Structure formats: structure tokens, C-alpha cells
Amino acid sequence: MTDTTADSGAVETAETTDEALGRSYLNESGSTLSSWLFTIDHKRIAILYAISTTVFFFIGGAAATLIRLELLTPAGDLVADDTYNKLFTLHGITMIWFFLVPVIPTTLGNFLVPLMLGARDLAFPRLNLFSWYLNIGGGLLALSAIILGGVDTGWTFYTPFSSFYSNSYVSIAALGVFLTGFSSIATGLNFIVTTHTMRCPGLTWFRLPLFIWANYATSLIMLLATPVLAMALLLIVGERWFGLAIFDPTRGGDPLLFQHLFWFYSHPAVYIMILPGMGVVSEIITCFARRRVFGYTAMVLAILAIAVIGFFVWGHHMFVSGQSSYANLVFSFLSFMVAVPSAIKVFNWTATLFRGRITFEAPMLYALGFVGLFTMGGLTGLFLASVPIDLHVHDTYFVVAHFHYIMVGGMVSAFFGGLHFWWPKITGRLYPERWAQAAAIMMFVGFNTTFFPQYILGYLGMPRRYHAYAPEFQMFHVASTLGAVLLAVAYLMPLFYLGWSLFFGRVASANPWEATGLEWTTASPPPQHNFFSTPVVREDPYNYHPEGTPKDA
């Protein structure tokens with residue numbers, strides 16, 4: 001796909017000798033703590049983000065574990081009512097804003113965007129490091145609210161409860177999310193400017209990998225939507241601290257104003273979480289099917305359409321809040337519209353697999369799991385976009401299951417798939433394949449066992465956020481909790497075998513998957529400035545069957 005000099009047709013063979021590894025980003029700048037905390041190398045910053053998001057993931061997971069243990073029995077006898085409210089709030093805030101939203105753009109995106117563009121770094125390296133400190137600062141502020149006594153409003157901070165009636169530490173948590181929002185803005189700005197200005201020679205817009213397109217569209221959403229959330233949270237703090245009459249209806253405020261502001265950000269935020277995962281899956285499926293992406297241009301347009309239409313569907317979260325029937329009809333129609341580009345992507349992934357030489361390495365298993373779980377979550381999203389059905393299942397476990405199928409089943413599967421796919425490039429080491437395949441299968445089985453029963457619970461009418469429930473629902477909660485145990489094991493397994501691979505794994509070649517893309521033309525792990533010479537792109541992406549080679553060979 002690439003040349004490494006402007007006057008040569010030869011592709012540089014990346015070095016894998018000890019000397020080349022010694023010049024890698026992992027140790028070229030030194031390995032002291034300060035060299036990591038003050039680095040401006042995008043690859044090292046990606047590692048810092050990987051560590052911090054992993055910590056937040058396990059904090060949120062610990063809260064989820066307590067929730068599932070509480071729901072084993074219908075009596076609500078493990079924790080008190082108020083403690084349960086604080087547990088699901090901690091789980092939601094930590095998982096959404098400090099794991100799901102940042103994890104793929106800040107880890108895989110930070111590491112790979114410059115490599116895929118043939119650039120030495122991101123456009124603003126110091127802003128990139130500053131964004132990590134903002135993320136850490138916001139996370140510590142939000143967690144301090146938990147340590148001081150917790151927050152009981154739910155991750156949505158609905159007013160007027162959050163702005164006037166709650167006695168918990170709402171302001172500190174809201175300021176933590178407010179602060180980390182600027183981290184997202186900085187990351188999005190960096191990706192957009194880098195994509196526009198730092199592409200290597202020959203890398204035109206329609207030669208970009210789909211992972212780049214996905215992160216580009218995500219960055220646009222970050223820049224346009226995140227300030228609205230920041231404003232809404234700041235208004236909550238202003239009402240709590242200064243008595244501003246904004247959301248409190250007893251003083252002339254409008255509590256629905258907050259919902260409009262919140263969901264104007266938070267529904268596009270669903271695509272902040274899922275679009276980068278779609279980019280990861282596109283890279284994996286085409287590699288392990290050994291075929292070009294079917295309908296590359298349609299895939300690009302679908303990514304952009306999802307980003308644009310996603311801004312116009314926030315009202316489907318408010319069908320029961322008193323909107324007019326006309327507004328409900330419009331938002332319902334637009335919600336069905338956003339499903340069209342999502343369906344195009346699923347169709348094109350399936351068509352890419354058709355007649356491919358498919359192999360089932362761990363990244364491919366995670367990617368196929370993503371396609372299945374995302375499709376299931378998307379189809380049930382159409383149920384929620386239909387006003388009559390939404391009125392029945394609103395605020396029930398049906399919504400919980402739908403959200404988790406998209407965000408956790410889909411996005412986390414994509415993240416793990418991408419982590420395994422690029423692990424040899426990031427670390428220069430190979431992991432034990434059988435263990436990774438077992439973890440991927442266990443995650444898929446555990447996830448479905450955990451969350452599919454919740455669709456049934458929601459259809460039968462059990463509301464979410466209740467820790468005491470009717471005894472006839474217990475069977476489904478027991479199944480869900482047992483599935484959560486399996487899911488927890490599947491999440492923990494990579495922590496051990498990937499950690500083992502850092503010390504004992506076989507040394508990886510520059511391109512162990514025989515994949516296309518600029519990132520595979522440099523050493524594993526890459527040198528500090530990514531490439532030994534500037535690459536030049538001369539072919540379209542995903543050239544797995546070059547001209548003159550039979551497509552089924």
C-alpha cells in the first residue's frame with residue numbers, strides 16, 4: 001500500500017531487531033516516572049489513558065458487582081435504599097464518562113491516528129497531554145464525591161431533584177464531568193486538525209482507513225455536543241450554589257429544559273462511544289476475511305450520516321415527559337432514520353465476509369461478537385423509537401438491556417478486539433492465542449446471559465433502579481447475576497495473559513496479521529517518531545487482493 005520514499009517503489013521493511021526495539025517509544029525517551037508523566041509522545045499518552053480508563057472500568061465494575069449481588073434476592077436486603085441509589089449512580093457516571101466515552105479515541109485513537117496518517121505525532125502534542133490531565137482531574141473530582149458520601153441522582157442528573165432536592169454531593173460530581181468534557185473537546189480538536197493537515201503524501205480523503213473516518217466523525221460530535229452538556233451541568237451547580245431559578249418549577253424554572261440540554265449531548269454521545277468501535281471492527285473484519293471492505297464509500301457516508309442525524313433524535317428519550325404528540329412523531333421518525341446508516345454498516349460488514357478466507361483469531365471473534373450484539377441492540381432500539389412501545393417499556397429493564405447491548409456488548413467487544421489486533425504493534429509482543437479466543441467466547445456468552453433476561457424483565461414491567469422487586473422476577477435476576485460472574489471472568493482474563501505477554505510473549509514482527517495500513521509498515525513497537533522515513537501512499541485502502549490476483553485466491 002505504501003512507499004517510504006518519494007522516488008522508490010519499494011516498501012520499507014520494518015526492523016524487528018533488538019537494536020530497533022531499543023529505539024522504540026517505550027524506552028527511547030527514558031523509562032522514569034517523570035518521562036511518562038511529562039511525555040508529549042502520542043503513543044505514551046495512549047498508554048497513560050489505557051491505564052487510567054482501566055482503573056475507572058474496574059471501579060464502575062465493582063459497583064455493578066454490588067448491584068447484581070443485591071438483585072439476587074427480591075427483598076433488597078444487602079444495602080440500604082439510599083446506598084443502592086448511590087451505587088447505580090457511581091456505576092453510570094464512572095462507566096459512561098470515564099470509560100465508554102474516552103476509551104477507544106484516547107487509547108487506540110491516540111496511538112494509531114498519527115501512524116495511520118503517516119505523521120510523526122498529533123498536531124498539538126502538549127494539548128494531548130493536557131487532555132489526559134483534565135481527564136484524570138475530572139475523574140478524581142467525581143470519585144471524591146463518592147468518597148465524601150456519594151451521589152444519588154443517577155448518571156443523568158435529572159432536575160429538579162439534582163438541582164434542588166438532593167442532599168448528596170451532586171455539585172462535585174457534576175464539576176468532575178464538566179472538567180472531563182474539556183478533555184474530550186481537546187482530543188476531538190487534535191484529531192480533526194491532524195487529519196486535515198498531517199496526512200502523508202498520497203493519502204487522499206478516500207484513501208483513509210475507516211478507523212480514521214470513524215474517529216474524525218466522533219471528533220466532530222465531541223466538539224459540537226460536549227459544550228452543551230458542560231453548560232447544562234454548570235447551570236445545575238449555579239442553581240445549587242447561587243439559587244438561580246433555572247430548573248426549579250416552584251421558582252419559575254423549567255425542569256424539562258435540562259432534559260433537552262442533557263439529551264442533545266447524550267444521544268450523540270452514544271455515537272461518540274460506538275462510532276470508534278465501528279471503525280475498529282471495519283479494520284479487523286477486512287483483515288481476517290482477506291477481502292476489501294465492501295462499499296468503502298457507502299461506509300464512509302454512513303459514518304458521517306450517523307454523526308449528523310444523531311444530533312436530531314434526542315427527543316425520543318422524552319416521549320413520556322409531556323412533549324406534544326407532533327414532537328413525538330417527528331423524533332420517532334428521525335430515530336428510525338438514524339437506523340438506516342447503521343444497517344448499511346452491518347450489511348457491508350456481512351458482505352465483506354461473503355466468500356472471504358475467514359480465520360477466527362481472537363480479534364475476529366471479538367469483532368463478530370460486536371456485530372451480533374450491536375445488531376441486537378440496534379433492533380431493540382427501534383422498539384424504543386416507536387412511541388406506543390416506548391410508553392410501555394420506558395424506564396424498565398428493557399431500556400437497561402438495550403443500552404448495554406449497544407454500549408457494553410458492542411463497544412467493549414470492539415475495544416477488546418482492537419486491543420488484541422494492535423497489541424503486537426503497541427507492545428512488540430504476541431499474546432497466547434488460545435487464551436484470547438477463550439476470553440472472547442466467554443465474553444459473548446456471559447454478556448448474553450447477563451442482559452438478555454433483562455429484556456424479558458422490562459417487557460414484563462419491572463422498572464429499573466429498584467433494589468426490591470416482586471418475587472416472580474427473581475429467576476431472571478439470578479440468571480443475570482450468574483451471567484455477570486462469567487462476564488467478569490472474561491474481562492479479567494485479558495488483564496492476566498496480556499500482562500504475561502509483556503514479559504514472556506514471543507517478539508512480534510512488524511506485521512504479524514499481514515494487514516494493510518501504514519501502521520503495519522513500521523517496527524513493532526514503533527520508534528519514537530513512528531517512521532524511519534516519510535511514507536507515500538500509492539494505492540486504495542484494504543488492498544488484500546491486488547490487481548492481477550484472483551479475488552478468491
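Biologist: Which residues have the most contacts inside the largest nonpolar core?

Modeller: Keep in mind that this is a predicted model. Its largest nonpolar core has 156 residues, and Trp97, Phe157, Met411 and Trp422 have the most contacts inside it.

Biologist: Let's pick Trp97. What is Trp97 in contact with, leaving aside its neighbours within four places in sequence?

Modeller: The partners of Trp97 include Trp155, Phe157, Phe262 and Tyr265, along with Gly92 and Pro102. Val177, Thr180 and Leu229 are on the list too. There's also a second, separate core of 7 residues, with Trp36, Ile45, Leu129 and Ile136 among them.

Biologist: Okay, helices next. How do I read the way α3 and α4 pack?

Modeller: Two packed helices are described by the angle between their axes and the distance between those axes. Here, α3 (residues 42–70) and α4 (residues 81–100) pack at about 150 degrees, with axes 8 Å apart. Angles over 145 degrees count as roughly antiparallel, so that's the label for α3 and α4. The crossing of α3 past α4 is left-handed.

Biologist: Which residues meet there?

Modeller: From α3, they include Phe56, Phe57, Ile59 and Glu70; from α4, Tyr84, Phe88, His91 and Phe99 are among them. The residues of this contact divide into 14 nonpolar, 5 polar and 1 charged.

Biologist: Last one: is Ser282 buried or exposed?

Modeller: Buried means under 20% relative accessible area. Ser282 has 2% relative accessibility, so Ser282 counts as buried. You'll find Ser282 in helix α10 (residues 255–289). Not counting residues up to four places away in sequence, Ser282 touches Leu210, Val293, Met299 and Trp349.

Conventions: Residues numbered from 1 in each chain as written. Predicted model: local features only at pLDDT ≥ 70, side-chain atom pairs only at ≥ 80, totals over all residues. Heavy atoms only, no water. Core = buried A, V, L, I, M, F, W, Y, C linked by side-chain atoms within 4.5 Å. Buried < 20%, exposed > 50% of the residue type's maximum accessible area, 1.4 Å probe, protein only. Contact = heavy atoms within 4.5 Å. Axes fitted to C-alpha atoms, helices over the stretch in contact; angles between N-to-C directions. Helix = DSSP H or I, 4+ residues; strand = E, 2+ residues; numbered from the N terminus. Parallel < 35°, antiparallel > 145°, perpendicular 65-115°, else oblique. Left-handed = near helix turned anticlockwise from the far one by under 90°. Nonpolar A, V, L, I, M, F, W, Y, C, P; charged D, E, K, R; others polar.
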